[in-house]
Amino acid sequence: EHLEIALNEVVESTHITTGLEDYRFVHQALPELDMHAIDLSCSLFGRRLTAPLIISPMVGGIEPAKQINRNLARAAQALGLAMGVGSQRVAIDDPETASTYAVRDIAPDILLFANLGAVQLNNGYALSQCQRMVGMIGADALILHLNPLQEALQQGGNTNFSGLLSRIEKVCRSLGVPVVVKEVGWGISE
């Protein structure tokens, strides 16, 4: 459903902007620099990136996701970027779908993130499932994504967000690989 919505419906916000329209760059006709000398590379979690960019998690668990993830992984490998796969909850519940997340064979050098919705830590998922997700794809780190608005608005969404901070803390302390917490599009408040 997420793919169909993204491909066939209007998903752009009509009232909220990035704020970038408020900025204008002053043109520098004589910049006094060598563009080839600019190095955007960085190191994150022991992996070298050519730029501080991550192809954000998108999809998994369905057959079209396999090709999407592999195409994104090829791009990440070619460009030296990091990548996260879509939520692996489906693969824990149905191990036959694990192949839709597998990209390490074609992207051996990328910083690769496993992924789970943090709210699942309130729905029977714990450290062992997080470890399985990381191992399943040979990930370097785990993303726990926050999506309370999406969960609250979708039919049958997981809406018990209480106690998540302490469960996230437990995963961070015990997983053995870095854990990143990110929001899926609305930002994180103070």
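Modeller: Start with one cut-off. A residue counts as buried when its relative accessible area is under 20%, and as exposed when that area is over 50%. Keep it in mind. Also remember that this model is predicted.

Colleague: Let me try it. Is Cys130 buried or exposed?

Modeller: Cys130 is buried, because its relative accessibility is 0%. Cys172 is another case. Its value is 37%, so Cys172 is partly exposed.

Colleague: How many disulfides does a search of the whole structure find?

Modeller: The search finds 0. The test is a distance. Two cysteine sulfur atoms must lie within 2.5 Å to count as a disulfide. Cys130 is in no disulfide, and its nearest cysteine sulfur belongs to Cys172.

Colleague: Let's step back to the whole chain. How many helices and strands does the chain have?

Modeller: There are 6 helices and 7 strands. Read them in order along the sequence. The pattern is α-β-β-β-α-β-α-β-α-β-α-α-β.

Colleague: What box do the C-alpha atoms fill?

Modeller: Along the principal axes, the box is roughly 60 × 40 × 35 Å. Next, look at burial overall. Of the 190 residues, 35% are buried. The chain exposes about 12,100 Å², and 56% of that comes from carbon and sulfur atoms.

Colleague: How many positive and negative side chains are there?

Modeller: Count 13 positive and 20 negative.

Colleague: Now contacts. How do I read them along the sequence?

Modeller: Ask how far apart the partners are in the chain. Take the contacts with a separation of 6 or more. Residues 24 or more positions apart account for 76% of them.

Colleague: Which residues touch the most other members of the largest nonpolar core?

Modeller: That core has 31 residues. Met83, Leu121, Leu142, Leu144 and Val171 touch the most other members. Several elements each supply at least two residues, including helix H2 (63–79), strand E6 (141–146) and helix H6 (164–174). Helix H4 gives the most, with 4 residues. Another core lies apart from this one.

Colleague: What is Leu121 in contact with, leaving aside neighbours within four places in sequence?

Modeller: Its partners include Leu116, Cys130, Leu144, Ile168 and Val171.

Colleague: Where is Gln120 placed?

Modeller: Gln120 is in the loop between strand E5 (112–117) and helix H4 (127–137). Its relative accessible area is 5%, so Gln120 is buried. Leaving aside neighbours within four places in sequence, Gln120 is in contact with Arg89, Tyr125 and Asn158.

Colleague: Is Asn147 buried or exposed?

Modeller: Asn147 counts as buried, because its relative accessibility is 5%. Its place is the loop between E6 and helix H5 (148–153). Setting aside neighbours within four places in sequence, Asn147 is in contact with Glu183 and Val184.

Colleague: One last feature: the backbone angle phi. What should I expect?

Modeller: Most residues other than glycine have a negative phi. Look for exceptions. Glu32 is not a glycine, yet its phi is positive, at about 55°. Glu32 sits in the loop between helix H1 (2–8) and strand E1 (42–44).

Colleague: Which other residue has a positive phi of about 55° although it is not a glycine?

Modeller: Phe45 does. Phe45 lies in the loop between E1 and strand E2 (47–49). Now apply your cut-offs. Glu32 has a relative accessible area of 69%, so it is exposed. Phe45 has 38%, so it is partly exposed.

Notes: Residues numbered from 1 in each chain as written. Predicted model: local features only at pLDDT ≥ 70, side-chain atom pairs only at ≥ 80, totals over all residues. Heavy atoms only, no water. Buried < 20%, exposed > 50% of the residue type's maximum accessible area, 1.4 Å probe, protein only. Contact = heavy atoms within 4.5 Å. Areas by Shrake-Rupley, 256 points an atom, 1.4 Å probe, with all protein chains shown as cover. Lys, Arg positive; Asp, Glu negative; His and termini not counted. Charge placed at Lys NZ, Arg CZ, Asp CG, Glu CD. Core = buried A, V, L, I, M, F, W, Y, C linked by side-chain atoms within 4.5 Å.
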